[in-house]
Amino acid sequence: MIRYALNRIALMIPTLLGIALITFVMIRIVPGDVVELKMRSDGGRVTQQQINDERTRLGLDKPLPEQFYVWMKGLVTLDFGNSMWTGRPVAQEIGGRIGLSIQVAIMAALVAVLIAVPLGTIAALFRDSPIDYLVRIITIAGLAVPSFWLGMIIILVLLTFFKWSPPVTYVSIFEDPVKNLSQLIWPSLAVGYRYAAVVARMIRSSIIEVMQEDYIRTARAKGVGEFMVVFKHAMRNALLPAITIIGLEFAFLIGGLVVTEQVFNLNGIGRLFVDAVIRNDFILIQTIVFLLAIIFVSVNLIVDLIYGLLDPRTRM
Amino acid sequence: MAMLTRLLKNALLFCRLQPLGALGLLIIVVMASCAVLAEQVTFYNPEAVDFGAMLTGPSAEHPFGTDSFGRDIFTRIVYGARTALTIGFLSSMIGCHIGAAIGIASAYHGGWVDLVLQRFIDIILSFPIVVLALVVVAVMGKTMVLGIDLNLVFAIAIPIIPRSCRVIRAATLSIRTQPYVDAARAGGYSTVYILLRYIAPNVIAPFLVLLTAYIAQAILLEASLSFLGLGVTEPKPAWGLMLAGDSANFYNEAPWMILFPGLAISLSVFAFNLFGDSLRDWFDPKYRN
Amino acid sequence: MALDTRNETIHSMTRRTALLMPALALGSHALAQGAGATDKPQRGGTLSYAVTAEPPTYDLHQTATFAVMHRLSPHYSTLLAYEPGKYPNIIGDLAQSWTISPDLLTYTFKLHPNVKFHDGTTLTAEDVRVSYERLRNPPKGVSSFRQPSFAQIKSIETQDSLTVVFRMVKVDASIMDTFASPWNSIFSAEKLKADPTFPVKNVMGTGPFKFVEHVAGSHWVGERFNDYFKAGKPYLDGFRAITMTPSAMVNAMAGKQIMAEFRGFTPNERDRIVKALGADAQTHESPWMLHMLMNFNCEKKPFDDPRVRRAVSLAIDRWGGSANLSKVSQLGSIGGLVRPGSKWAASEAEMVQWPGYGRDMAANRAEAKRLLKEAGYENLSFTMINRNQQPYITAGVFIIDQLRQIGVKVEDKQVEIAAWYSAQTSGNFEALLDSFTQFSDDPTNVLVKYISTDRAPDVAIQRAIDRELDSLFDRQAEMVDPVERKKLVRQFENRLLDQAYAIPILWWQRIVVMETRVQGWTMSPTHMIYQDLADIWLK
């Protein structure tokens with residue numbers, strides 16, 4: 001098992017390098033850069049000379065391979081460089097915001113699992129019954145409703161019927177859990193609905209699949225009760241693919257927050273990313289994109305390792 | 001004629017076995033007709049400002065109300081269907097085709113080509129969809145052709161490529177290792193023949209499912225990008241754009257401004273997902289008996 | 001001799017004027033204007049307010065964005081300042097008194113004694129001198145954003161530790177505004193000598209508040225500076241500037257999570273807040289020192305022809321746009337090149353003479369079509385480069401619809417700011433939607449946007465050469481008599497609007513909403529001044 005894990009970790013390195021390279025190249029094709037925006041917003045008057053000087057100061061005039069080398073060297077020494085917009089270290093910019101996004105992602109995942117597991121199981125057990133159809137409609141709707149719109153509807157409902165709007169300034173959960181939750185529960189619901197839909201669908205189809213396996217038939221033939229068949233035999237095997245999807249979706253959830261954070265004025269990684277894109281803050285964009293990719297790859301790894309633990313056959 | 005009756009018979013069977021899928025198809029057909037016949041469905045101009053009718057609620061004249069420029073929201077949703085379906089369909093077509101081509105080539109060729117291509121696909125897959133599309137759209141700017149931003153189409157197509165590639169590669173792989181394909185290869189049949197005779201028919205089902213599913217994804221993605229101000233821009237009618245900027249300022253006065261465009265997005269994505277889902281079950285022999 | 005002959009009253013909107021404007025149909029019960037003037041200021045409390053953007057730097061000399069001003073202004077002092085409640089009257093800030101030589105070439109400032117920096121050191125004339133040297137002649141690595149406004153200063157000397165003398169090359173009618181500019185903050189000479197970029201990442205001034213912390217993307221905190229040189233001030237214990245998006249801001253105001261926002265809301269946002277807060281809300285409105293304009297590329301077809309440019313201007317219904325766009329956006333009043341409501345502005349009778357400003361739109365449109373036909377552009381279509389931001393997008397929707405009505409097709413190409421600027425500098429555009437702002441109404445500051453391209457290539461992007469305009473511009477810049485100067489400004493406007501190298505669309509309207517208990521704040525036509533918070537107190 002340990003060898004398998006080490007192997008998988010070693011395989012990550014070329015992937016990460018590829019991710020870094022693609023990210024870097026993609027961003028540098030952008031015409032124009034942060035300097036114009038920084039110096040000319042709100043009608044500032046600057047000369048071309050001033051713009052060139054600032055580009056030099058930020059290292060934007062260096063050849064691309066050198067810029068890439070500087071970034072790679074920084075990554076290895078955990079020095080990610082400074083935001084081109086604020087001049088503050090990227091680690092500081094991201095560090096101040098990632099906590100919030102991760103909290104929303106975790107809460108959304110909890111919401112999702114709590115809804116999805118019973119929903120998916122019931123739908124599978126009563127396959128092709130009205131209940132199944134209802135669940136299918138609910139879950140397909142979950143995939144259809146854009147989470148940012150759902151967020152807007154949540155705010156609309158809170159405002160119209162409860163004359164209340166969620167707090168717009170963030171407080172850490174350790175400082176004031178009530179205020180923290182009253183702010184973050186809404187975006188968690190908005191993104192959690194889609195997440196729940198995805199997981200419920202996966203659970204439904206994998207239980208249906210498992211129920212047709214020979215060993216379930218054998219168990220039934222042996223006279224094991226239906227309840228035991230489902231919960232002891234079917235569920236255990238059906239949950240394996242569900243774990244995969246929970247993991248994969250979790251990594252994507254943080255990316256999906258990009259849009260929803262705008263609606264709730266959350267000062268998270270998603271909003272930071274959109275701001276960075278709008279400002280052409282290369283250093284910040286490349287670091288965030290790389291970070292999201294790392295989260296994805298790591299979650300993938302963890303899922304694979306859990307899989308390996310639960311199902312030794314996959315450890316090839 | 002025989003083919004037509006067979007098609008009709010199949011369609012009826014599909015409706016009977018997959019009522020939800022048939023419902024999805026119906027919604028799609030209605031929306032597509034609206035998009036094509038927009039000028040006939042509504043007589044307002046989607047870009048015409050009417051200060052006399054600013055922010056009026058739903059009424060006989062304006063069934064979905066008007067926005068802050070007095071533009072008819074129903075009209076903008078109908079024309080918005082044109083935008084959404086065009087971009088959704090084009091992106092999904094481009095993404096799925098390129099993905100399928102790479103997937104088939106990768107699986108069929110095998111060896112180091114497969115290895116390198118799959119590593120590359122792995123890398124692209126590790127970028128969240130929205131993030132990738134956002135960076136691409138910011139990088140490429142705008143190239144307008146016939147009122148459609150081609151770069152937006154590509155930005156949405158790119159995240160689809162690796163996903164389509166994965167599925168089609170797996171499908172191809174399962175066929176390629178069949179003994180009869182080996183026999184055909186040994187028999188000296190050309191690659192093109194094998195691809196058309198054996199691979200294509202077996203890949204077409206998952207491909208169609210993918211295509212439908214990714215139209216839904218593409219519509220969602222277009223809406224998200226337009227919402228962030230990085231997709232379709234004013235005054236063109238697009239659903240995500242109708243939710244962006246100003247409309248969030250009208251929670252109290254004009255909730256219809258956020259209600260209807262969101263419903264339009266949800267309904268269209270819902271329809272494509274429903275149809276795609278049923279299509280998958282339909283093609284899957286396991287679900288068929 | 002005093003240059004401050006201006007006695008214009010502030011256009012802070014009271015309930016009465018709000019009701020006079022038909023466009024702003026507001027529930028009058030909701031608008032409770034605090035009777036602040038008669039109350040005695042109270043000490044204590046923390047002011048919380050919103051700022052929509054993050055500051056790209058802490059250095060006021062090297063930026064032009066309000067995102068910096070609204071956070072940094074409370075930490076710094078300037079030589080002169082605009083008098084609270086009496087805009088645009090200028091009074092001393094660090095300067096206790098000053099004298100101006102009769103030839104207007106020497107300005108001598110006597111500073112307040114015992115002005116302390118936040119680190120406890122005492123401010124001297126040397127700090128003023130070094131700060132102004134940095135502004136007019138920045139060292140390497142520093143870019144002074146308003147460098148041209150110091151061009152007429154010949155030398156800066158300190159006579160003693162509290163006296164600083166500015167000598168001029170020639171008369172500059174705008175120099176007092178430069179001394180009062182909120183951007184020209186005074187830094188510590190000692191810190192600047194050690195590191196010329198010290199203010200970029202550090203906050204250390206003589207202002208009413210000391211810097212406490214800045215959490216990126218979240219908030220900025222300042223606390224009362226007990227050794228502030230103006231006795232008894234500031235009234236507040238501190239302030240907290242919170243970063244948020246415009247739509248969140250409205251909800252936060254409505255939910256009393258913040259007390260104010262000082263840049264400006266749209267009319268709709270104002271109404272939402274006022275509806276939620278009722279008597280707890282106060283609003284202030286004024287035409288903004290900021291106008292939307294369309295630049296033509298006068299070097300290229302079709303806009304090398306003045307008839308085509310004039311036709312476009314004629315097609316735009318400014319009166320209708322003003323009445324209606326002001327309900328949904330920050331676009332508001334109609335004006336020429338100088339701010340409507342300022343002492344330089346044209347009267348309505350003067351304005352309606354300009355092409356496109358007449359009230360009879362049918363006649364305007366007919367004339368526009370005639371001009372296009374005459375010029376051979378009956379089926380004109382063109383691309384307009386626009387910014388991907390509000391209210392530019394709103395203006396774009398409006399303009400496209402207006403031109404559609406005379407059969408002109410416009411493609412609105414919304415781009416991000418870098419592409420927008422590169423179109424300006426490269427001249428690679430047909431028409432470009434733009435806005436222009438300055439921190440004062442001074443005509444020299446404002447008209448520079450419209451002179452010949454070779455004279456001001458950075459701002460006059462219409463690529464036109466018009467020596468008649470240039471000569472009018474130069475004559476007004478040296479004209480000290482305000483009546484004569486106003487006449488020259490009028491001639492300049494008439495000439496420009498007739499040639500239509502660039503056409504003003506609408507001026508922006510500034511609408512500030514805050515809780516009634518916030519007292520002592522002054523409304524002005526620019527959101528860059530009156531932000532040091534020294535006079536603000538909470539009821």
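What percentage of the 289 residues of chain B count as buried? For chain B, that figure is 56%. Keep in mind that this is a predicted model.

Let's stay with chain B. Its secondary structure comes to twelve helices and two strands. Now follow the order along the sequence. The pattern reads α-α-α-α-α-α-β-β-α-α-α-α-α-α.

Next, dimensions. Along the principal axes, the C-alpha atoms of chain B fill a box of roughly 75 × 45 × 30 Å. The accessible surface of chain B is about 12,200 Å². Carbon and sulfur atoms account for 71% of that surface.

Now contacts within chain B. Take those with a separation of 6 or more. Of these contacts, 70% are between residues 24 or more positions apart.

Over to chain A, and a pair of helices. How do we describe such a pair? Two packed helices are described by the angle between their axes and the distance between the axes. In chain A, helix H1 covers residues 2-28 and helix H4 covers residues 64-76. They pack at an angle of about 135 degrees, and their axes are 11 Å apart. That angle is why H1(A) counts as oblique to H4(A). The crossing of H1(A) with H4(A) is right-handed.

Which residues meet there? From H1(A), we have A:Leu17, A:Ala20, A:Leu21, A:Phe24 and A:Arg28. From H4(A), they meet A:Leu64, A:Gln67, A:Phe68, A:Trp71 and A:Met72. By class, this contact of H1(A) with H4(A) has eight nonpolar residues, one polar and one charged.

Methods. Residues numbered from 1 in each chain as written. Chains lettered and ligands numbered in written order. Predicted model: local features only at pLDDT ≥ 70, side-chain atom pairs only at ≥ 80, totals over all residues. Heavy atoms only, no water. Axes fitted to C-alpha atoms, helices over the stretch in contact; angles between N-to-C directions. Helix = DSSP H or I, 4+ residues; strand = E, 2+ residues; numbered from the N terminus. Parallel < 35°, antiparallel > 145°, perpendicular 65-115°, else oblique. Left-handed = near helix turned anticlockwise from the far one by under 90°. Contact = heavy atoms within 4.5 Å. Nonpolar A, V, L, I, M, F, W, Y, C, P; charged D, E, K, R; others polar. Buried < 20%, exposed > 50% of the residue type's maximum accessible area, 1.4 Å probe, protein only. Areas by Shrake-Rupley, 256 points an atom, 1.4 Å probe, with all protein chains shown as cover.
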